[in-house]
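Biologist: Before I use any of these labels, I would like to hear what stands behind them. Please take them one at a time.

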Amino acid sequence: MKIGWCMPVDERSGIARFGWAIAAELAQRNHDLTVLASDIEPAAAAVPSGIKRQSIEAAHAGAYNEAFDAVFYNVGDHFAFNGRILDIVDAVPGIGIFHDASILNFFLGWSQRAGLDAEVAERMVFKHCGASGAQRFRQRASESDRFSLCAELPMIEWIAERTWGAIAHAGHYFGRIRAACPGPATMITLAYRPALLPNPPPGPVRDRGATVITTIGHVNANKCYAEVIEAIAASVTLRRNAIYRIFGESEPSNRARLAALGAARGVRIEFAEQRDDAALTRCLESTDIICALRRPILEGASASAIEGLLSGRPVVVADAGFYTELPDRYVVKVPADVPVPALTAALERLAADPEGRHALGIAARAWAWDTFSPARYCDALEVFMAAFVEAKPLLRLGADIGRTLAHCGFKRDDPAIAAIAAAAHGLFVGGKA
Amino acid sequence: MKVLVVNNMAPFVWGGAEELAENLVRRLNATPGVESELLRLPFQWEPVERLPLEIYIHRTFRLHNTDRVIALKFPAYLVPHERKTLWLLHQFRQAYDHGRGETHIPDTDRGREIRRLIRENDVACFRDSAKIFVNSEITRRRLEANTGMTGEVLLAPMNDPELFAGGEADGYVFAGGRINRAKRQHLLVEAMRYVRSGVRLVVAGPPDAPADGERLHRLVREHGLDGHVTLDLRLMTRAEVARYVNGALACAYLPFEEDSVGYVTMEAFTAAKPVLTVTDSGGVLVIVADGQTGWVVAPEPPALAAALDAAMIQRRRTAEMGAAARAAWRELDVTWPSTIARLLS
Amino acid sequence: MKIVVASSFVPFVDGGGRFIVEWLAERLRAEGHAVERIYLPFVDTPATMMEQTLAYRLIDVAQSADRLIAIRPPAHVIPHPNKVLWFIHHFRAFYDLWDSEYRSVPDRPESHALRRRLWHMDDIALREARRVLTISKVVAKRLLDFNRVPAEVVYPPLHRPEQFRCEAYGDEILCFSRVEHHKRQDLLLEAMRFVRSPVKLRLCGTGLSPTYHRSLLETVRRHGLHERVAIDYRWLREEEKIELFAHALAIAYVPFDEDGVGYSALEAAPARKTVVTTSDSGAVVELVEDGVNGYVLPPDPAAIAGAFDRLYLDRAQARRMGEAHAAHVGGMNITWDRVLERMLG
């Protein structure tokens, strides 16, 4: 098929990494794929051979409709990376791949850039998040817990209702997407391949030295750093043997706060910056336990959790969202609200059992490599793409009917609409009319 | 130029509007440079939930290979086209007339919503149309009252004016056209009880139903008007109608509240015959002026009788009014060539 | 019975389908039925086909008619409990022309999906009918192969075959047909370059393509055929046509791949003239047994020229084959009586 693959090309975007991997796999399967850069200001990234690239322009909508059998919109919660999607998503109906469960930041970035009237923005939030959501939106300036705000106002319908097909990467946000999208919707397990695969952990060795517990990623309030520090602090053995490595960019204020907390609790903390892929690989190779705790959960699936699984080190997660769907035998789960005692117990158990850690890590790595593979993702994508194309004539008909009815001033709940839809269904889809 | 005339039809029903549409197409085809066809779209308006569907259906049709459209009725005029001229024969009165009991649209929330849909689509269509003509002054007023839109009156011309050349008056007043209760020929027959001048009445035309003819026969019998009233109740040929008109003193046409001028009136004026009508006849009053081109009296037999007598006794006056009627009619220039010129302008 | 005959049409385009509707309606009326003809606009643009067809699906004639006879798709989707189809052709772009050199719909996954929807629609509509009739074996085969629906072949009869007669077997081969590219009058002109006898050719008829007409004139000019070829590019009156058939040597009709037999091969029968046609002409081949009542030739100018010469040089043969054609077609019972019996039975 001729595919329009809309994705950010900025290398800081996790979706960009995903996007290139899938694009390469699809191109290898003899699809004629063109990357459409969705960044507001796309960088001139190198394009792998066999793949074309175009910038997105609203005026070219007609040409895209002609040129592509299916257009995919990789949607994430970032206006700068995803903004150009909005230039064509209505004129070029396609499949939305929703990487994040909440796209409030994307919405805010767009509404600001578009100079949207506060009232108009509020009405849009009201439409998808109800009265209480609209109120919280109105008072967002005084909101301190940004993550909680994003969780409560996901705004995912804002895009999902404009796509004609939708893909979610996990069940926890699939329901909203399926309800909003007029066309087919499905769940596909995320694909992830790290740039450099860390070497697997060496054989279990007791008393190797400190037990390194690592949390990876940009330092944000939803990554539960404080809970990990408290959990280590609550255990004599952990306080003595563990080092908590906080690996990722952080604001100086956050860093200072966490350092102070560690000092106060007697927990050894080290900070490291993610300068490049090699640095990340080195970090993972010297890690014993990965804490990939999130609360609240805003991602669709977690690329960093998968990254942890692929490193062959045991991963500790909160039992919610995407993580709930990970098999119990491959991750260590603590309750969703990340209670410190449960976390302490989990970490102590892992720290005390190098053989167990090793076996868990190796098994999880093999499973993750297989499960989160681009090949498996593309298998599912191709099936879904075929279903989408099959549905397109009916979706077009639906849109045409809707346009005619709107033109005639019909209200949305007019009984005539059901009669027209039933006639269309009987004629083009169903059995005996 | 390809001109498509678009009309509705209720299957198996044929009436004046259908005749008009056919004549229009024939006349368009006779116009140099114009090719015309008639599109008759089925319209099923009952049960009432059909109305929104019919609106949708008509808005979905696509007309190819057509330069201009002349549309005559709801919902036919909803078919999209960039160059649409409307010649409204009447609006879909059921959506507009309240409390007349002639509608099948109920006075419920849903009924009101359906009326709203009809009105809004009408207005949108009228706005999108290149030109709006209406077939009578009454229709023009109603259009303005219902929608605020302005239409130009364009009367539907006769098809055979040359037959109505006029002639010597032969002592009778002629009442032509379809026979039914609403056309009220029975009032004229009743009026004959009161005439004193010896004027005769000739009623000729097809009864809608046997009872309509029977009613007149019974009145003649009951009041012993045989010899004074001739009833020729059947479908006439045009030549037969013309003969009656051309030999009459005057013509009588007194329907109850009709929109249009009426072919009977047009035939009379063409033949230089004044017209007897009554105060609640509607459209015919736009043409007939009491004392100038005819008589406008109360719809009561004694008043009608006085006018019938006057027609007979004041022969010269009658002839003068007939001449004035013909002049007034000529002034209006209601001919097919001028009608088509206006439709296509 | 109250019967609706419904068909799709393009304004100002006269096709065989229209004659079928008009003549069928006339015959049904002659039998005493009340008949309403319904022509609904349609444009076969792939992008809008589904919505236009949906409008047809919402039409309600079930309340007003006892029977629906649907002629040209998508009229076949109009709902009615008593529906008979006289199916004249598929949307061939989505059927047999899909994988051919004449493909007009792009070979894209979405068009395949659209095709499946249209097939579904046809399958539903065909199975709703109480009887599916069609106009030729060619179309019947497609109905069976693509839709798995057996259809009965009922050839559309002439309007007034009794008007045709035979006067003589003259010097002229007659081709009486619309002048369009797919009717291949150019093939007949090419054949005239190869004839060795003094046989003549007359092409009669008009068309929508001035370019094609010009190319025919150019061919005549370039090969100096003007003494032997006459081109009457105009609409001819029925009397003129009858006269030409009466004096023709034989009738030539060589269209490409048609769904219907056309009228000239049928008209040839009461005129007792034989038919020259080609193997890829489509349905008309169903009327001709090669060498018995006509010629079915490869679409090759030399072969056609050979047939023309044979007929010219052996008038007795031309007569024998003409008589055979009259007998053959006569034996096929292509009559309105048969049509009505299959429609109404």
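Modeller: This is a predicted model. In α5 of chain A, the buried residues are L104(A), F106(A), F107(A), L108(A), G109(A), W110(A) and S111(A).

Biologist: Why are α5(C) and α9(C) called roughly perpendicular?

Modeller: The axes of α5(C) (residues 185-192) and α9(C) (residues 301-313) cross at roughly 70°. Angles of 65 to 115 degrees count as roughly perpendicular, and therefore the two helices are described that way. Their crossing is right-handed.

Biologist: Which residues meet where α5(C) and α9(C) are in contact?

Modeller: From α5(C) come L187(C), L188(C), E190(C), A191(C) and M192(C), and from α9(C) come P301(C), I304(C), A305(C) and F308(C). By class, the residues of this contact are 8 nonpolar, no polar and 1 charged. Glu counts as charged, so E190(C) belongs to the charged class.

Biologist: How do you know that β11 and β12 of chain A pair?

Modeller: Pairing needs at least two bridges. There are 2 bridges between β11(A) (residues 289-291) and β12(A), so the strands pair, and they run parallel. I290(A) has V315(A) as its bridge partner in β12(A). V315(A) and V317(A) point one way from β12(A), V316(A) and A318(A) the other way, and all are buried.

Note on methods: Residues numbered from 1 in each chain as written. Chains lettered and ligands numbered in written order. Predicted model: local features only at pLDDT ≥ 70, side-chain atom pairs only at ≥ 80, totals over all residues. Heavy atoms only, no water. Axes fitted to C-alpha atoms, helices over the stretch in contact; angles between N-to-C directions. Helix = DSSP H or I, 4+ residues; strand = E, 2+ residues; numbered from the N terminus. Parallel < 35°, antiparallel > 145°, perpendicular 65-115°, else oblique. Left-handed = near helix turned anticlockwise from the far one by under 90°. Contact = heavy atoms within 4.5 Å. Buried < 20%, exposed > 50% of the residue type's maximum accessible area, 1.4 Å probe, protein only.
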